[in-house]
Amino acid sequence: RAVAMSVSHSSRLNKLVREQYMRLPQDGLVQVTYVWIDGSGEGVRCKSRTLDKEPKSIEDVPEWNFDGSSTAQAEGSNSDMFLVPVRMFRDPFCLDPNKLVLCEVLKYNRKPAETNLRHTCKKVMDLVKDSHPWFGMEQEYTLLGINGHPYGWPDNGFPGPQGPYYCGVGADKVYGRDIVESHYKACLYAGVKICGTNAEVMPSQWEFQVGPCEGIEMGDHLWMARFILHRVCEDFGVVATLDPKPMTGNWNGAGCHTNYSTEEMRREGGLKYIEAAIEKLSKRHDYHICVYDPRGGRDNSRRLTGHHETSNIFEFSAGVANRGASIRIPRQVGQDGYGYFEDRRPAANCDPYAVTEAIMRTTVLNETGVETKDYADH
C-alpha cells in the first residue's frame, strides 16, 4: 500500500502550467523581491515590486516599506517600517533579470528594528576590517511534512537508530535529496556563497555550508540561503525547520557550527593566535551562549547536553578534532600550525549577524564580561 506523504496542497498544483507563464517576456521590466527578517528573529518575509529597468547595483534598488504590525515588528497605530536594501542576488525562481534583495528593517524613526541585528554587526565588522575575518557557517536543518512530523519517517514509530544516515545514499537512508539538490543549484544561481552540502546524522536532517565570507557578508549570504531553502521547500510542499532539537530522545540536534579565522591565524605560525582567541572565548562563555540562539540560550539548552556530538552548555571546552568540545581545532590545522577553528555552540536557528559580531567583539576587540560596548561614537 502506498503511503501518502504529508505535503502541502499547493505543491500538488500543476507546475507545468506555471512554466507556461514563466516563459513570457517581460519587455525590459524587472521583478524585485525584497526579503527581510521578521519580528521573531528567525522567520523571513518577502514581497515583490516592478522596476522599469534591471538594477546593476544595490544603490539602484529603492527603499520600500511594509506593515510591521503584521510581522510582530510594530503596532497597528504606527505600523509602517522601512526596507533598506543591503545586498542583491539573482532570482533563481523567476530567473534573470529578476532579483532577490536582502533588506535591513528600520522603524518609523529610522532606528533599527529590534530584530535588525545586522546594524550593529556591520559597525563592528567595519571596526575590525583590517583583521580580515573569514567565516564559514554550517547550517543544519530538518525536513518536516506539513503535519510537523519528520519527512519520510514512519507515521507511527521511528526509523532505525542513527548510524547509516550521515552522508548516506539510498532510499532507506536519506529522505528529500531532491529538495537539497534544488536548493544547492538555486543558491549557486543566485550568487550565494554556498560551498557544500551533506545528509546529517538524524534521518531527514541535512546541512549546507556557506563561506568563506568576509565580515558582514557572512550573515547576508546565510540569511539569503535560508530564504531560498524555505522557498524551495514551499515548491515541494514540505517544511524546513531550524529548531535546534526537533526530536527529543536519542537523536542528534541541529547546530550552525561557525568556522572562523583572522588574517594572522591563516599565516605561518597562526596557531598561537588561534589559541589566544580560544583563551578569550573561554572567559566569556555565558555571553556567547546568550547570543547563540534567539532565546538567550534556552533553545540551545535542549541541544547542548554533552551528548550527540555536543558540548555541555554549562562548560567551556576546546580540543583538536574533538566534536564534543565547544571549540574544535581541525586536526589539519593542528598539524600545519595555522588555519582556523570551529565554534560548535551556535544553534541552527541562531542569527549569523549576532554570532559573527560576538566572536569579533571577544577575539579582536577584546571585550570581556556579559556587557557589550557601544562603538557608535567612535
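How many bridges join strand β7 (residues 194-199) to strand β8 (residues 205-214), and do the two run parallel or antiparallel?

Modeller: Strands β7 and β8 run antiparallel, and five bridges join residues 194-199 of the one to residues 205-214 of the other. This is a predicted model, in which local features need pLDDT of at least 70, side-chain atom pairs count only at pLDDT 80 or more, and totals for chains, interfaces and linings use all residues. Strands (E, at least two residues) and helices (H or I, at least four) are DSSP runs numbered from the N terminus, and two strands pair if DSSP finds at least two bridges between them.

Within this pair, N198 has E207 in β8 as its bridge partner. The two strands form a hairpin with five residues between them, and in its turn S204 has a positive phi of about 75°.

Elsewhere in the model there is an open sheet of five strands, with mixed pairing and the order β2-β1-β5-β4-β3. Because β2 (44-51) and β3 (64-67) stand at its edges with a single partner strand each, one side of each is left without a neighbour in the sheet. From one strand to the next the twist averages 40°, taken between axes that are lines fitted to C-alpha atoms (for helices over the stretch in contact), with angles from 0 to 180 degrees between N-to-C directions.

Inside that sheet, strand β4 (residues 80-90) is joined by eight bridges to strand β5 (residues 99-106), and these two run antiparallel. F89 stands opposite L100 in β5. Across β1 (30-37), β2, β4 and β5 lies helix α4 (residues 217-236), which runs at about 115° to β5; contact here means heavy atoms within 4.5 Å.

If you follow the chain onward from β5, the loop between β5 and α2 (118-127) is where K111 has its place. K111 is exposed, with a relative accessible area of 52%, where exposed means over 50%, buried under 20% and partly exposed in between (1.4 Å probe, protein chains only).

Definitions and conventions. Residues numbered from 1 in each chain as written. Heavy atoms only, no water.
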